[in-house]
Structure formats: structure tokens, C-alpha cells
There are 2 protein chains.
Amino acid sequence: MRKAGLASYGPDSMGGFIVTRPRGYALWEKVQENLDEWFKGTGVDNAYFPMFIPESYLDKESEFVEGFDPEVAWVTEGGNQELEERLAVRPTSESIITPYMSQWTRSHRDLPLRLNQWCSVVRWEATETKPFFRTKEFLWQEGHTAHESAEEAWDETVTRLGQYEKLYEDVLAIPVMRGRKPEHDKFPGGETTTTVEALMPDGKSLQGATSHDLGQSFAEAYDLTYVDEEEEEQVAHTTSWGLSWRALGGLIMTHSDDQGLVLPPTVAPEQVVIVPIWQEDTREDVLQYSTEVAAELEEAGVRVHLDDRDERNPGFKFNEWELKGVPLRIEIGPNEVEDEELTFAHRPDGEQSVVSRDGLVDSVDAHLDAVQEKLYESAEERLEENVREADSPEEILGTIGKHGGYVKTPWCGDEACEQVIKEKIAAEIVMVPFDEEHEPDADECTLCGDEATKTAYFAKTY
Amino acid sequence: MRKAGLASYGPDSMGGFIVTRPRGYALWEKVQENLDEWFKGTGVDNAYFPMFIPESYLDKESEFVEGFDPEVAWVTEGGNQELEERLAVRPTSESIITPYMSQWTRSHRDLPLRLNQWCSVVRWEATETKPFFRTKEFLWQEGHTAHESAEEAWDETVTRLGQYEKLYEDVLAIPVMRGRKPEHDKFPGGETTTTVEALMPDGKSLQGATSHDLGQSFAEAYDLTYVDEEEEEQVAHTTSWGLSWRALGGLIMTHSDDQGLVLPPTVAPEQVVIVPIWQEDTREDVLQYSTEVAAELEEAGVRVHLDDRDERNPGFKFNEWELKGVPLRIEIGPNEVEDEELTFAHRPDGEQSVVSRDGLVDSVDAHLDAVQEKLYESAEERLEENVREADSPEEILGTIGKHGGYVKTPWCGDEACEQVIKEKIAAEIVMVPFDEEHEPDADECTLCGDEATKTAYFAKTY
């Protein structure tokens with residue numbers, strides 16, 4: 001992460017913060033571009049709310065404040081004066097956005113109301129810093145919507161989860177599984193939390209993004225009501241949903257190898273790097289040919305970089321661009337110039353091939369597609385191999401202890417049964433598949449023997 | 001601003017903060033799109049630095065901390081614990097970005113280094129809230145660069161100022177004047193502050209954006225050095241430059257009229273609104289024709305909205321879209337359908353015309369261009385009429401008191417001479433034109449009679 005120039009640790013006296021360098025931020029911009037377009041295409045408008053929230057606003061939803069209060073950073077002084085009321089640096093913005101939605105909503109015609117903001121939030125956790133995974137400040141988007149009915153709010157929740165799934169699978173080349181969080185692990189004050197979970201190579205599950213059906217509790221706390229078609233006052237139903245730069249952490253961890261980062265072509269700042277290889281007498285020809293190839297690719301919309309630095313040799317350049325994750329390298333030496341060919345080497349496996357100069361753009365497109373596919377397939381294979389079943393608490397413990405990954409098992413729904421596992425190894429229930437997609441495979445909870453109502457996926461987490 | 005749905009005031013207990021609603025945020029996105037593309041096209045990379053800055057970092061540049069310390073909001077508690085060191089919510093990020101640039105810069109090959117971030121900053125001023133003009137938190141971009149020589153740093157400063165000028169003139173349709181801030185009003189710790197100034201209709205000058213040549217003081221304070229080609233260690237030269245959502249304040253104030261907002265087509269979320277006018281018997285025909293017109297425009301890349309609401313009459317719709325600033329309205333009734341024509345009404349003057357259905361897209365483009373031009377021209381005319389000269393302190397006071405606008409006058413460069421004016425009316429020197437563009441018009445300072453070295457532009461400001 002640091003060698004590839006993605007991030008640096010924050011100031012020593014400020015543990016838990018990171019600096020996102022241009023190569024890291026460029027990845028976040030790709031995430032933004034995609035999600036932002038999908039959100040706008042499905043009725044969401046961007047807005048921006050204050051980064052501070054008065055303590056009295058936070059306090060209005062009791063479960064919410066209980067959940068977030070321990071993690072809040074407080075502004076207590078401004079302009080050389082102590083403030084009358086402490087201001088929370090937003091840990092998430094339900095408690096300031098919902099009261100404004102309330103101001104803007106009069107009748108059913110004002111609904112649905114769908115807002116999103118791209119911003120950073122702060123959660124003061126005392127754990128070790130892990131860039132893009134565990135940081136006190138993180139970049140994210142948070143969507144907040146209000147609807148007339150419970151059904152519409154649930155549809156919204158699932159729509160956004162589907163967009164997160166699409167981001168992971170189609171853009172980041174990471175397969176995910178989707179489902180609900182257990183009751184005891186849902187968003188504080190909410191009704192149902194849905195999640196997309198991704199398996200990391202170390203066997204832990206990454207909570208990729210969450211979409212919350214908040215029911216009516218926030219609408220009640222912040223007085224978000226509307227007049228329906230029968231002129232009756234009704235309480236709205238709200239949702240919220242967020243994806244943070246953890247997605248970048250997942251991306252980096254999923255596709256990297258011993259040579260360095262491997263970036264899917266969809267998000268790579270440079271999809272192709274051209275490395276010219278010359279001696280003094282072939283320099284001019286090789287550079288001219290390389291420049292023409294670069295121009296043709298750029299013209300076709302490929303993100304290409306010609307590395308014509310004099311002071312570095314080709315071996316150094318190969319290593320550097322592999323470290324930085326460029327998916328496709330084109331090598332051009334005097335032979336390539338003479339034969340009107342190009343030598344391609346692509347990640348993740350270093351596969352080499354010689355292609356003709358004619359049809360350059362098509363060849364590049366095909367190779368980039370192949371890289372994207374290889375990355376997804378290898379992650380998918382790992383996921384498929386790492387969902388196992390277990391028939392007893394010992395088997396759950398043993399399987400996760402030995403292999404990592406997921407263990408799916410019938411579960412009664414009681415938090416106490418999760419505790420049995422959680423106390424012994426740091427594994428928990430990360431997901432319960434949607435009812436409509438999975439039935440529990442057995443009648444009895446593997447942990448207590450009571451009636452099983454759900455299938456639980458146990459895994460270690462970040 | 002509030003009726004057009006651009007912004008709301010923040011929580012009552014939190015004076016100085018605003019909520020940016022979707023129609024306001026969409027304007028900010030247009031500003032971002034343009035500047036971001038120009039920045040990237042001229043060697044700037046986006047990055048993201050922590051929103052907090054340790055007090056010890058702020059303290060390292062003494063003029064800087066003196067300038068900003070009175071306006072800082074401090075985080076003193078996090079995770080239920082008092083922090084060992086107070087953290088400033090960034091008022092601007094030189095004091096955290098420069099030390100990182102130092103880490104990343106070894107040799108002259110690492111320079112120039114050009115970074116930008118889009119974020120919000122907080123400055124705790126105790127003045128009245130004015131949405132997009134005076135707010136404690138505001139959205140902006142801040143660029144930070146490091147260079148080998150003073151000359152390159154100055155070129156960078158002027159390049160960015162030129163991009164701000166282009167944004168105001170070509171995108172926001174607001175003519176600006178550019179120059180230096182007086183010595184006593186430059187960025188604390190910097191060498192030279194350059195500015196673009198725009199005249200608002202109330203006769204005050206808006207500081208549209210500033211670009212600072214910081215010389216070597218920040219590089220010295222934060223140890224930003226590099227090894228040059230002769231293997232000698234050198235101190236770098238830095239710049240910083242920022243444009244905030246004040247640009248939106250300027251936009252709104254410049255082009256609005258008694259009917260409401262008027263938005264230049266370049267930034268209008270809807271460039272065209274189609275209002276169908278029907279009776280029961282013509283409804284179907286009118287709506288079908290309107291839908292076809294909307295589809296053709298959308299296909300051509302025009303941002304068009306068909307207002308087919310049943311529950312509102314055309315007059316209500318006209319008023320609403322005028323309030324919201326849509327530059328071009330197309331009215332479609334049974335006559336238009338029959339004659340295969342369209343009735344256009346465009347802002348800012350309400351000019352109406354009937355155009356043929358053939359050549360729709362060309363007609364719309366021409367009208368949108370005309371609106372953009374009219375807006376710019378009327379602002380330019382106002383600016384030209386409101387730059388006056390004065391030969392005595394009394395005349396400066398009298399002219400600004402009577403007309404507002406700018407008074408240009410020869411000046412010796414001494415702050416005391418500005419004070420004479422500032423104490424009597426709240427006008428100050430907002431700008432000194434670049435030497436290469438203007439010579440002082442007389443030999444003596446209008447205020448003290450000493451030798452004049454500059455031309456000063458006095459005006460009231462925000």
C-alpha cells in the first residue's frame with residue numbers, strides 16, 4: 001500500500017489517520033464515478049450537510065446515540081471560545097439529515113426523497129490503524145431516503161445493496177455474498193441491515209457495504225411525517241446506505257500478489273504501460289514507434305502511459321509498474337519495430353504474447369478483458385472453495401480455525417448461540433442469506449439444538 | 001436562495017452553517033467538473049489529507065498560525081477521552097500537506113509536485129451567516145504545489161489564477177479583474193497573493209478566488225527540500241490556491257432578478273423546461289408532441305425537463321421555473337402542435353419567439369448561447385460603468401459612497417493610506433493590477449502625496 005504510493009500514515013501524534021496519495025485517490029474517484037452515475041440514474045440527488053452535528057440532535061434517537069456516542073470526536077472550542085453545546089464530528093448523518101427531510105416534506109408528493117452525500121466521517125475507535133480498513137476518518141458516501149410505505153423503503157434498501165454488489169463484482173472484480181446482518185448486529189435504531197460480504201485471501205470476511213431499512217424510528221424521532229392522499233398525516237419510512245473506502249482495502253487485498261498490486265482494468269489509473277527497450281543506435285526508431293502506439297491507444301480511450309525515462313532501465317520499469325498494479329505492459333524493442341509487432345505481458349499471471357501492430361486497439365481491449373476476467377474468476381474460485389458446512393459447534397470452530405472462510409450452519413436466531421463461537425475464536429455471524437434465496441438446511445440450530453429459522457454464515461472479520 | 005431550493009440554514013444552535021440542497025449542490029458539481037478537468041489537464045493530481053491537524057503542526061509557521069489561530073475550531077475529545085493534543089479542524093491545509101510533500105520529495109526529479117483536494121474547511125468567524133458567502137464551514141478545493149525555482153512557483157500561481165478567471169468568465173458568465181492583494185492583506189506567511197475580483201450588483205467586490213505564491217517560508221518551516229542536479233540540497237518554492245462555494249454566491253447574486261434565479265446554460269441543472277398547455281380535448285396531442293421534443297433534445301445532450309404535472313397550471317409552472325432559474329422555456333399548446341412550431345421564452349429578459357419544429361436542436365443551442373452571452377454582457381457593462389477614478393481622499397469616499405463599485409487611484413503602497421478610507425467607510429484596497437498590465441496613472445499617491453508605485457482598486461467587500 002505504501003510502496004505502491006496509495007497511502008501514507010497520518011501524523012505520529014494522530015494515530016488512526018491516513019493520507020490518501022494520488023494513486024490511492026484515483027481509485028476512489030473510479031468508485032465515485034460508477035456509483036454516482038448509478039445513483040443519479042435511479043433518482044438520487046447529491047447534497048451536502050454540515051460536518052458537525054449538535055449533541056442535542058444526536059441524542060434524539062436513543063438506540064442510535066447509544067451505538068455511536070462512544071466513538072464520537074467532539075468539537076468543544078471555536079474562535080477562541082468554549083462552545084455552549086458540544087458538536088459531534090459526524091460519525092454518520094441520519095441525525096442531521098432526517099430533521100431536514102422533515103422540513104422539506106409536506107405531502108406524499110414530496111416523496112420519495114432520495115439524498116446522497118460524498119464526504120468523510122469520523123469514528124474514534126482505539127484499534128490499530130490499517131489503511132482503508134481501520135481509520136478514524138474515512139471517505140464514504142451516505143445515502144438517505146424517505147418513503148411512503150414500508151414496502152418502498154425495503155425496495156430502496158435492496159436496490160442500493162444491488163448497486164453495491166454490482167460495484168464489487170463488475171468494477172472491482174470481487175464476488176460478494178449478500179444477506180442480512182443478525183438482529184443484534186444491525187444499525188443502531190434501524191429495522192434491518194443488509195450487507196455485501198467479500199472473502200479476503202487471509203480467510204476473513206470484509207463487510208463491503210451496508211444498506212439499512214430504518215423503519216419508522218428515525219422518522220418518529222425527527223418528526224418526518226407527510227399528508228397522504230386521504231389528507232391523513234403519516235410517519236415516513238426511511239433508509240440509509242453507505243460504501244466507504246474499505247472497498248479500496250478489499251480491492252488491494254483481493255488482487256495483489258508478491259510482485260505488488262494488481263488493478264482491474266476498470267479502475268487502473270494506467271491500464272497500459274509502454275516500456276521501450278533501446279540501445280543507442282535503435283533509440284530513435286523505438287521511441288517513435290512507441291509514441292505512435294501510445295497515441296493510437298489514447299485516441300481509442302485507453303488509459304496509457306509511455307515510460308520513456310532515460311535514467312531507468314527496462315527491468316527497473318517492469319518492477320515499478322508491477323508494484324503499482326498496471327494490468328497490461330507493452331514491451332517495444334528493435335525487433336518489435338522491425339516486425340511491426342508488440343510484446344504484451346499481462347497480470348495477474350505474467351502471461352506473455354506477441355501481437356501484430358495491426359489491430360492494436362482490439363488486442364489491447366481483449367487483453368484487458370482477459371485480465372478483468374482472470375481476476376474475478378480467481379476470486380470467485382477462492383470464495384467457492386471457502387464456504388463450508390458444519391454440524392456441531394466444534395466443527396464450526398475447527399473449520400474456521402483450520403481454513404478460515406465461511407461456515408454456513410442452521411441457526412435459531414439467538415445471539416447467545418453466536419457468543420459460544422465468538423468467545424472461543426474471533427468469528428461471528430457476518431450474514432444471514434435473504435429468506436427468499438436460502439432455506440435453512442436443517443431443522444435444528446447447530447449450536448443449541450432449538451428450532452433453526454435461519455442459515456448463519458460464520459467468519460472472522462475485519 | 002431558499003425559495004429556489006439551493007440551501008437552508010443549519011441547526012438553530014449552530015449559527016454559521018448551511019445545508020446545501022440538491023439544486024445548490026448541482027451547481028457546485030458543475031464548478032467541480034470544469035476545474036477538475038482543467039487541473040488534471042495541467043499536471044495536478046487529486047489527493048486527500050486528514051481533516052484534522054495537530055496543534056503542533058499548525059504552530060510551525062508563525063505568521064500562518066497568527067493569521068488562522070483565532071478562527072480555528074478545536075477537537076478536544078474523542079472516544080470519551082480528552083485528547084493529549086488539541087486537533088484543529090482544517091481551516092486550510094498548508095500545515096499538513098507541506099510536511100508530507102517533504103516526505104515525498106527527495107530529488108529535483110520529484111518536482112514539480114502538484115496536489116489538489118476537494119473538501120470542506122472550517123473558519124470560526126462570528127459574522128452573520130450568508131449562504132455561500134459567509135459560513136463557518138465551506139466547500140472548496142485547495143491546490144498545493146512545490147517547485148524548484150521562484151519563477152516556476154510564480155508561473156504556477158498565475159496559471160491557477162487564469163483557470164479561476166476562466167471559470168468565472170466562461171462558465172459562470174461573470175467578468176472578473178485580476179491582480180495582487182496589497183502586502184498587508186496577503187495570505188499569512190506567503191509571498192504574494194493574487195486574486196480575481198467580481199463586482200456584485202450591490203456595488204461590492206467579491207474576492208472570487210485566490211492563488212498564493214508562498215515563496216520558501218512554508219518549505220522552510222516544514223523542511224521541504226530537494227537535491228538539485230548538482231547534488232546540492234535546496235529549499236523548494238510552494239504555492240497554494242483555492243476556490244470555494246463563494247463562486248456560487250457570486251453566480252446567484254450576479255444573474256438573479258425579481259422573478260428569481262437566472263442560471264447560465266453552462267451550469268443550469270435544467271437548461272430547458274418544456275411546459276405543455278392543454279385542454280381536455282388537446283391533452284393527448286400536446287403531451288405526445290412535447291414528449292417527442294423532449295426526447296430529441298435529450299438525445300442531443302441538452303439537459304431538458306418536461307413538466308407534465310397534472311395538478312399544476314401553466315402559470316404556476318412558469319413562475320416556479322423562473323424562480324429556479326431555468327434559462328429557456330418551451331411552451332407547447334395545440335397551436336404549436338398544429339403548426340409544427342414551438343414558443344420559446346428565454347431569460348434574462350423574457351424574450352419570446354416562435355421557432356419551427358425543424359431545426360429544434362439548432363434553435364435551442366442558439367438560444368442557450370444567446371442567454372449565456374446576454375448574462376455575461378450585462379455583467380460586463382455593469383463592471384465597465386463602475387470602475388471610476390478619483391483624485392483626492394474625499395473623492396474616493398464620495399464616489400464609493402454614492403455609486404459603490406471600484407475607485408482606481410495611484411497609491412504609494414502604504415497600509416496607512418488604506419486606513420484613511422477604511423476608517424470612514426468600509427471600503428478597502430481589493431486589488432492592485434499586475435504591474436505588467438497597468439502603470440499607475442499619476443505620480444503621487446492620492447492619499448498621502450508621496451510617490452505612487454501602484455494603482456489601487458478600492459471597493460466595499462463581502
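Trainee: Which residues in α4(B) are buried?
Mentor: E94(B), S95(B), I96(B), I97(B), T98(B), P99(B), Y100(B), M101(B), S102(B) and W104(B) are buried. Buried means under 20% relative accessible area, exposed means over 50%, and partly exposed lies in between, with a 1.4 Å probe and protein chains only. Helices (H or I, at least four residues) and strands (E, at least two) are DSSP runs, numbered from the N terminus.

Trainee: What should I know about the model itself?
Mentor: This is a predicted model, where local features need pLDDT of at least 70, side-chain atom pairs count only at pLDDT 80 or more, and totals for chains, interfaces and linings use all residues. Residues are numbered from 1 along each chain as its sequence is written, chains are lettered from A and ligands numbered from 1 in the order in which they are written, and side-chain values use heavy atoms, leaving out hydrogens and water.

Trainee: Chain A next. How many helices and strands?
Mentor: Chain A has 13 helices and 23 strands. Its C-alpha atoms fill a box of roughly 80 × 60 × 50 Å along the principal axes. Of its 462 residues, 58% count as buried.

Trainee: And what is the accessible surface of chain A?
Mentor: About 18,900 Å², of which 40% belongs to carbon and sulfur atoms. The areas come from the Shrake-Rupley method with a 1.4 Å probe, and for residues only the protein chains shown count as cover.

Trainee: What percentage of the contacts in chain A join residues at least 24 apart?
Mentor: 68%, among contacts between residues at least 6 apart in sequence. A contact means heavy atoms within 4.5 Å.

Trainee: What does E29(B) touch?
Mentor: D36(A), K40(A) and N46(A), not counting residues up to four places away in sequence. E29(B) lies in helix α1 of chain B, residues 22-41. E29(B) counts as buried because its relative accessibility is 16%.

Trainee: Back to salt bridges. How many are there over all chains?
Mentor: The search of the whole structure finds 48. K374(A) and D349(A) form a salt bridge, the closest N and O atoms being 2.6 Å apart. That pair links distant parts of the chain, 25 residues apart: K374(A) is in helix α11 (360-385), and D349(A) is in the loop between β18 (341-346) and β19 (351-356).

Trainee: Are those two buried or partly exposed?
Mentor: K374(A) is partly exposed at 23% relative accessibility. D349(A) is partly exposed at 46%.

Trainee: What about chain B? Which residue forms a salt bridge with R283(B)?
Mentor: D310(B), with the closest N and O atoms 3.0 Å apart. D310(B) sits in the loop between β16 (304-306) and α9 (314-324) and R283(B) in helix α8 (283-299), so the pair ties together parts 27 residues apart in sequence. D310(B) is exposed, at 52% relative accessible area. R283(B) is partly exposed, at 27%.

Trainee: How far apart in helix α9 of chain B are K324(B) and E320(B)?
Mentor: They are 4 residues apart, about one helical turn. Their side chains meet in a salt bridge, 3.3 Å from N to O. K324(B) is buried at 18% relative accessible area, and E320(B) is buried at 17%.

Trainee: Which residues of chain A are linked in a network of salt bridges?
Mentor: D307(A), R309(A), K317(A), E320(A) and K324(A).

Trainee: Last one. Where is R329(B) found?
Mentor: In strand β17 of chain B, residues 328-332. R329(B) counts as buried, at 10% relative accessibility. Beyond four places in sequence, R329(B) touches residues including V273(B), V275(B), F318(B) and E322(B). R329(B) and F318(B) are 11 residues apart in sequence and 8.1 Å apart in space, C-alpha to C-alpha.

Definitions and conventions:
Salt bridge = Lys/Arg side-chain N within 4 Å of Asp/Glu carboxyl O.
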